[in-house]
Amino acid sequence: MEKEMIHAHCLQLQGTIYDYKEEWQADRYHIGGKMYAMIGGNATGKPVLTLKCEPARAEELRESFVSIIPGYYMNKTHWNSIYMDAEDVPMDLVENLIKHSYELVFSKLTKKAQQEIQLLEVTK
């Protein structure tokens, strides 16, 4: 899993805002002011991609893939982390999980915020 590919994929999603949080040493991706993806490191500095996930699906993924763990430094019910050096998690699944995370966060935004994001894309 390459950081550049993940970065490019996230930026393609409608209304995504990227920032870098220096004190966390983490690349973060937001929609409507809410984070949906983060690339950072765990306690030992091992790179991880952290994504929001529907709780039942999060559990299922953790049971199916060794490289998917409860969200590092996040709510373990709603977030998963994927080791960036994972060989057991295919890139198409990672892209699917990024989109899933994005959609979960987008769906929780106010209708007004959702419409503003959709209008931004129309005017591009």
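A: Cys 10 is buried, with a relative accessible area of 0%. Buried means under 20% relative accessible area, exposed over 50%, and partly exposed in between, with a 1.4 Å probe and protein chains only. Cys 53 is buried too, at 4% relative accessibility. Neither residue is in a disulfide: the nearest cysteine sulfur to Cys 10 is that of Cys 53, 15 Å away, and for Cys 53 it is that of Cys 10. A disulfide here is a pair of cysteine sulfur atoms within 2.5 Å. By this rule the count is zero.

The model is predicted: local features need pLDDT of at least 70, side-chain atom pairs count only at pLDDT 80 or more, and totals for chains, interfaces and linings use all residues. Residues are numbered from 1 along each chain as its sequence is written, and side-chain values use heavy atoms, without hydrogens and water.

Now the sheet. It is open, with six strands in the order E1-E2-E3-E4-E6-E5 and antiparallel pairing. Strands (E, at least two residues) and helices (H or I, at least four) are DSSP runs numbered from the N terminus. Two strands pair if DSSP finds at least two bridges between them. E1 (17-21) and E5 (68-70) are the edge strands, each pairing on one side only. Neighbouring strands are turned by 25° against each other on average, direction ignored. Axes are lines fitted to C-alpha atoms, for helices over the stretch in contact; angles run from 0 to 180 degrees between N-to-C directions.

Five bridges join E1 to the antiparallel E2 (residues 26-31). Tyr 20 has Asp 27 in E2 as its bridge partner. Helix H3 (residues 91-108) packs on the sheet, touching E2, E3 (34-41), E4 (47-52), E5 and E6 (79-83). Contact means heavy atoms within 4.5 Å. The direction of H3 makes about 45° with that of E4.
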